[in-house]
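Good morning, colleagues. Please look at the sequence and the structure on the screen.

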Amino acid sequence: MRPLRLVMSAFGPYADLTEIDFSKLGSNGIYLITGDTGSGKTMIFDAIVYALYGGDKGSGLRESKSFRSDSADPAAETFVELTFEYRSQVYTIRRNPAYKRPAKRGGGETTQPSSAAMTMPDGSLMTQTADVDRKVTGLLGLSRDQFLQVVMIAQNDFIKVLTAKNEEREKIFRSIFKTDRYLLLNDRIKKMLSECSAAGEALNEKIRSLIGSVQWENDDPQFIAQLCNDRQTAEDELRLRIAKEEESLSDISQHIATLEQYILDKTKDKINIDKDLFNTASLAQLEKAAIDLKAQSVQAHDILANAETRYAELQKKFGEVSIIRSRLSEYDEIDRLQQTIADAKNKQNQIERALAEKNKIRDNLRTEYRTLDENIKSAELKRDKKIDAEKDKNEYEKKLAEFQNLQNIVSKMIETRKTYDKSADQYNEAEQHYKQRQEIYTELNMMFIRGQAGIMAKDLIDGKPCPVCGSVTHPNPAVISGDFVTEKGLEAAKKNADDADKIMHNLAQTVSQQHGKLLELQESLDKQLQVMQSLGLTFLENNFDTDDCNAISEKCLTSVRGLSSEVQRLESEIAGYDSVVQHLEEWKKRRDEVMEQGNSTKEEISCLETELAEIRSGITHNGAALSKLMADHKFHTKKEAEQYIALSEQNLKNAEDDLALAREKSDNADKALVSAQSQADTYRKQLGFDGDPIEYRRELQHYIDDIVRQIADAESKKSGLDNDKQQSVIRINEWNKVQTALGKAFGAQADNRSKLQLLTSLKNTINGDIPGRQKITFESYIQQKNFRRVLQRANLRLDQMSNGQYQLIVQSESSDNKFKSGLGLDILDHHTGKSRNVTTLSGGESFKAALSLALGLSDEIQSSAGGIQIQSMFVDEGFGTLDPQSLKLSLQALSGLANQQCLIGLISHVEALQQNIENQIVVTKDNSGRSKVEMHNA
């Protein structure tokens, strides 16, 4: 990846729009990023990392909340745009972090969300942040952390690697080689070991629970504990316990069979006795039937007596019916009063329904009134909003008019400037033409004068005075030359010069007039800008060039479009309010109508309530008169009285019919009694039984009850044995299940013990706790392998930087196997042939060793990533510790790396580098905290 162009806006210390054209630096070589401490040198690299990978951090040292420049204009957009080349293809990424910005409407602040967009070589655009992140990682073949390690060589980090103690170096390497996952593996093994131990304890508890669920003949705790720990003994004892229970089950089954036979024999005896009991029961039934018929005969005679008594009573009461019949005419007045009351109640119901309807209408009117009132309030509120929107619209239209006025002035200035420039060019041409004609005329005039002098000189005679100077001697008289100019020729030349002068002066006047117009338009422009500034319409930079009318016109056009869009939005908003406000008067009118209807309905309700009260009073009055009249009569209506008369006559007739029927039933009961007695005597003679059948039946029943009790006792014993049998079967089944579960539990316990042993061995191996072996963790082992490969690549750089003197080597391993080893670092001095600790290196030597180590790590990561191309690197600080010779060797090593089609940026403020490196990016920061970038010699 080679950066071509970096643009930063309101990003960190770069408050203004800042562009760095890396393409000017070429495709390889070394350039310097220099400037005072804190000026923002490293922020350039942060911006590149942020553009590529985004995230909450740049280089790992700054959080995204600091990306927004504190010195930037509040309206300035914060973003980073990076154009880079990779494998001869050009890509562009633009990102902005989330930041607070002024709200466009309503004042206050709003949050601008983060975003990312990537332009592909074919011009297609990718706008989803997640898609851009995946594309960058897949394209470069490096994760963000790998990119930071490969592309940014931060010397301070690798100085720590050189000087750290063994344990501290392990923590540093954990970050560099990303071996923290092996710590996670160790934690996972510990967790699995804990889970395995817990599972083993759970299995032990399950085995104890299964053993405890069996009823052992020997309940000694030591015996139970032995069963829990000895699978074979537990299974043997359980099989023996099941066999004994099955033998007991067989005995119970035999006892049940014996009881079942006993119950069968007793049941047969009961059947034989039931036959005798049936015969005696039949005789008893016949005799009982005769007794029942005798009782029925007595009952029939009683019913006959009651019927005769009732008939006599009804005949006696029939005189009252004649009196009621004689007063039937008095019920007409009762009917009239009842009808009057009924009519009044009907009228009352009608009025009550009408009153309910009016109340409903009144409630609906109240609801409609409230709805209208709410609509009116809402419409009045929107009317006020409409007024505000119209005010805003007028304000925007005013601003729009000012922008259009400004644009008109600028357009006139552009046209006037074109005319002025054209006239000025014509004036310059006319001036040159005039000068040429004037020079010709001057030359011809001189030639004409010389010609006239020659003409006069040819008549001069010594001793005779000259007509021009008066001299009487003429030592060198003028002669007529060959280029003699006539007066006519001179006049023609003068006319040409005068004509050219006239044209020049006319054009000068035109240019002056155009210049005056430009000054007037410039004055109008200044006044218009002041007017716009008074309206808060500042849209140009403070130091803009007013001659750049095209730029002003373009800005005006952009502003006019924006204001026109806002005016259209307000017109649409006003139109939305109009759709509601136009109903305002209509709703007010309807509200007044509803109020008037409500008052009218209220009056109608009052009239109905008065009429209802009068009707209720009449009902009460007529009701009292009706009650008084009906008090003298047994019945309320004539119809009831007539029904009573008819019912009394029907009751008397029914009593007469009941009397005849009772006489008939009494006769029939007497006949049935004689017949039943005759049948009982005949059946007794057939049986030859002279005793009391009831008493004999009691004896038979007593015997049967005794047999039933014996059967019940046998069945009870059988039920108990059945229950014992069922319980025994349940125990056998449960113990068989326990036997199966116990086998599985013991098997799982054995598997768990094997797994526990394996995990324990694995944990000891990972932690380096194997007796007799070197005490080194798996993480340290991986770090050693990576560390040795990095050292091999680093020594290639260190050999060149130290001129073959130094080589980084791993310390000798510990001999007592009691502590971790393999990460110690020594320096081998080839001049002395001895090795020593790296902490004994001087500052410059430490820098070269650290730089070599960093470059070695970069080489290793690129090699492990496979197929990636690193075409740009940054080395951050550390050069101040080098002496001139070391600095020269280091630059030679970096130059060799740069010559491999790699562009290396050195971030440093060391003066020696400024003198030795031509291509420079100079970063400066002013008192307000704003950083700026200049490129030198690029």
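First, the basis. This is a predicted model, in which local features need pLDDT of at least 70 and side-chain atom pairs count only at pLDDT 80 or more, whereas totals for chains, interfaces and linings use all residues. Residues are numbered from 1 along each chain as its sequence is written, and side-chain values use heavy atoms, with hydrogens and water left out.

The chain contains 18 helices and 17 strands. Helices (H or I, at least four residues) and strands (E, at least two) are DSSP runs, numbered from the N terminus. Of its 938 residues, 36% count as buried. Buried means under 20% relative accessible area, exposed over 50%, and partly exposed in between, with a 1.4 Å probe and protein chains only. The accessible surface of the chain is about 54500 Å², and carbon and sulfur atoms supply 49% of it. Those areas come from the Shrake-Rupley method with a 1.4 Å probe; for residues, only the protein chains shown count as cover. Among contacts (heavy atoms within 4.5 Å) with a separation of 6 or more, 74% are between residues 24 or more positions apart.

Let us turn to the sheet. Three strands form an open sheet in the order β11-β12-β13, with antiparallel pairing. The edge strands, β11 and β13, each pair on one side only. Neighbouring strands here are turned by 35 degrees against each other on average, direction ignored. Axes are lines fitted to C-alpha atoms, for helices over the stretch in contact, and angles run from 0 to 180 degrees between N-to-C directions. Two strands count as paired if DSSP finds at least two bridges between them. Strand β11, residues 806-810, is joined to β12 by 5 bridges, and β12 is joined to β13, residues 834-837, by 4 bridges.

How many residues of strand β12 are buried? The number is 5 of the 5, residues 825-829, so β12 is largely enclosed by the rest of the structure. In a regular strand the side chains alternate between the two faces of the sheet. In β12, L825, I827 and D829 point one way, while D826 and L828 point the other way. L828 is the bridge partner of Q807, and in β13 the bridge partner of L828 is S835. I827, for its part, stands opposite L808. The hairpin of β12 and β13 has 4 residues between the strands, and G833 in the turn has a positive phi of about 75 degrees. Helix α15, residues 778-801, lies across β11 and β12 and runs at about 170 degrees to β11.

Now the salt bridges, of which the structure holds 23. The term denotes a side-chain nitrogen of Lys or Arg within 4 Å of a carboxyl oxygen of Asp or Glu. R5 and E81 form one at 3.1 Å, N to O. R5 is in strand β1 and E81 in strand β4, so this pair ties together parts that are 76 residues apart in sequence. E81 also meets R94, at 3.5 Å. R94 belongs to strand β5, so this second pair ties together parts 13 residues apart in sequence. E81 is buried at 17% relative accessibility, whereas R5 is partly exposed at 29% and R94 is partly exposed at 30%. A further salt bridge joins R95 and D133 at 2.6 Å. R95 lies in strand β5 and D133 in helix α2, 38 residues apart. R95 is buried at 3%, while D133 is partly exposed at 28%. Through shared partners, salt bridges join R5, E19, E77, E81 and R94 into one network.

Finally, some individual residues. Most residues other than glycine have a negative phi, and most peptide bonds are trans. R87, in the loop between β4 and β5, has a positive phi of about 55 degrees and is partly exposed at 42%. N803, in the loop between α15 and β11, has a positive phi near 60 degrees and is exposed at 61%.

A15, in the loop between β1 and β2, is buried at 5%. Its C-alpha atom is separated by 5.7 Å from that of S71, 56 residues apart along the chain.
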